[in-house]
Amino acid sequence: MTDHAAVKAALKTQAIETPSWAYGNSGTRFKVFSQPGVPRTPQEKLDDAAKVHELTGAAPSVALHIPWDRVDDYGALAADAAERGLRLGAINANVFQDDDYRLGSVCHPDPKVRKKAIGHLLECVDIMDATGSRDLKLWFADGTNYPGQDDIRARQDRLAEALAEVYGRLGEDQRMLLEYKFFEPAFYATDVPDWGTAYAHCLKLGERAQVVVDTGHHAPGTNIEFIVATLLREGKLGAFDFNSRFYADDDLMVGAADPFQLFRIMYEVIRGGGFTPDVAFMLDQCHNIEAKIPAIIRSVMNVQEATAKALLVDRDALAAAQRSGDVLAANAVLMDAYNTDVRPLLAEVREELGLDADPIAAYHRSGWAQKTAAERVGGAQAGWGA
């Protein structure tokens, strides 16, 4: 039997990092849609993030994206976050939105372009020093579109050299998180296309290099929980980028397409000892047509619900069924936990923390959307790429 008190205690410790860019405008390849009240500055993004944390009690940190969140004084920005009850989380580098990176960044055939890209990555470590951030998160759009366009092995050599230089710059308490994506924008050969490639580079770099699993970055049918279990077993799972996809990298609210998959992933996290601060649970989403803050709150709640169900799995009964080879009984243990309505349990958790049992309803009652729409007039709204 599962100890509900222990489940509630575990849920009270969960921390989900929200991304600064999710509070800004985003859209499709055809149109970026603007909304009233969207932040115009990194400080206004922190205001919105603080509102999410205030209502959920589970979103204490904000990931930054450079140069989208560039400021003159990052120490002051960290202080601004602390004043709002937040901390600054992962620093995300950007080596894909510049004309020089048409043929790649750290894998580019031109050493001058590679030097420029590495310079930006080192700048991000400087920013980490100023903000107190632990994690440098790297995703590369590098790759090729046509056979013969470039030397595949040489590009891996360039990637390894760049990662080694940046890894050597990290402080003792800092980590490098390497993300992978099987395609887009490169269509023939992406330079970091899968968890195996990311793992191989991280293994060579050292223990402070870890793999990021973005739940939208896999081919259809991929067993993501197997990847999670394997990386945890090897001590190389550093973080998640939680989102949801129907077709490719849709960046929808986590759990929107396949909540059962999210539950399976969270079960492997808990089973593998990954429900600790050593594995960062981050959202990476673009809210294109929905209101920003309610969507982020809903995503936080979706992760909480999947986690609660995973914590409710009767692991003793599951292990017994597995040992006896009772396939149906083992599956039934998982399905019983998944089919449990955990919303009352999470409402209890929130009330015990002094929060409203229903964060979405509390947000709508708060008048925050009307307040920000009235106050954030003029200036340039933050958006994808800005």
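Axes here are lines fitted to C-alpha atoms, taken for helices over the stretch in contact, and the angle between two of them runs from 0 to 180 degrees between N-to-C directions. With that in hand, welcome to a few close-up views of this predicted model.

**View 1. Helix 7 meets helix 8.**
Helix 7 covers residues 224–233 and helix 8 covers residues 259–271; their axes come within 9 Å and cross at roughly 15°. Angles under 35 degrees count as roughly parallel, and helix 7 and helix 8 are therefore roughly parallel to each other. The crossing of helix 7 with helix 8 is right-handed. On the helix 7 side, the contact is made by I224, E225, V228, A229 and L232, while helix 8 brings in Q261, R264, I265, E268 and V269. Sorted by class, this contact has 6 nonpolar, 1 polar and 3 charged residues.

How many of the 10 residues of helix 7 are buried? The number is 7, so helix 7 is largely enclosed by the rest of the structure. You can look for them one by one: I224, E225, I227, V228, T230, L231 and L232 are the buried residues of helix 7. Their packing partners are helix 6 (195–205), strand 10 (209–214), strand 11 and helix 8.

A pair of aromatic rings is described by the distance of the centres and the angle of the planes.

**View 2. A tilted pair of rings, F263 and Y338.**
Here the ring centres of F263 and Y338 are 5.3 Å apart and the planes lie at 45°, so this pair is tilted. Distant parts of the chain are linked again: F263 belongs to helix 8 and Y338 to helix 11 (residues 327–338), 75 residues apart. F263 is buried, and Y338 is buried too.

**View 3. A cluster of rings.**
Which residues do ring pairs link into a cluster? They are W21, W68, F96 and W139. Across the model, the count comes to 13 aromatic pairs.

**View 4. Helix 1 against helix 9.**
Helix 1 (residues 4–11) packs with helix 9 (residues 292–311) at an angle of about 145°, and their axes are 10 Å apart. This crossing is right-handed. Look for V7, A10 and L11 in helix 1, which meet Q304, T307, A308 and L311 in helix 9. The contact between helix 1 and helix 9 has 5 nonpolar residues, 2 polar ones and no charged ones.

**View 5. Y247 in its loop.**
Y247 lies in the loop between strand 11 and helix 8. Is Y247 buried or exposed? With 72% relative accessibility, Y247 counts as exposed. Along the chain, Y247 and L205 are 42 residues apart, and 33 Å separates their C-alpha atoms.

**View 6. H53 and the residues it touches.**
H53 is part of helix 2 (residues 42–56). Leaving out residues up to four places away in sequence, H53 touches A58, A59, P60, G85 and L86. The C-alpha atoms of H53 and I91 are 19 Å apart, and these two residues are separated by 38 residues along the chain.

How values were computed:
Residues numbered from 1 in each chain as written. Predicted model: local features only at pLDDT ≥ 70, side-chain atom pairs only at ≥ 80, totals over all residues. Heavy atoms only, no water. Helix = DSSP H or I, 4+ residues; strand = E, 2+ residues; numbered from the N terminus. Parallel < 35°, antiparallel > 145°, perpendicular 65-115°, else oblique. Left-handed = near helix turned anticlockwise from the far one by under 90°. Contact = heavy atoms within 4.5 Å. Nonpolar A, V, L, I, M, F, W, Y, C, P; charged D, E, K, R; others polar. Phe/Tyr/Trp six-rings, centres within 6.5 Å; stacked < 30°, edge-to-face > 60°. Buried < 20%, exposed > 50% of the residue type's maximum accessible area, 1.4 Å probe, protein only.
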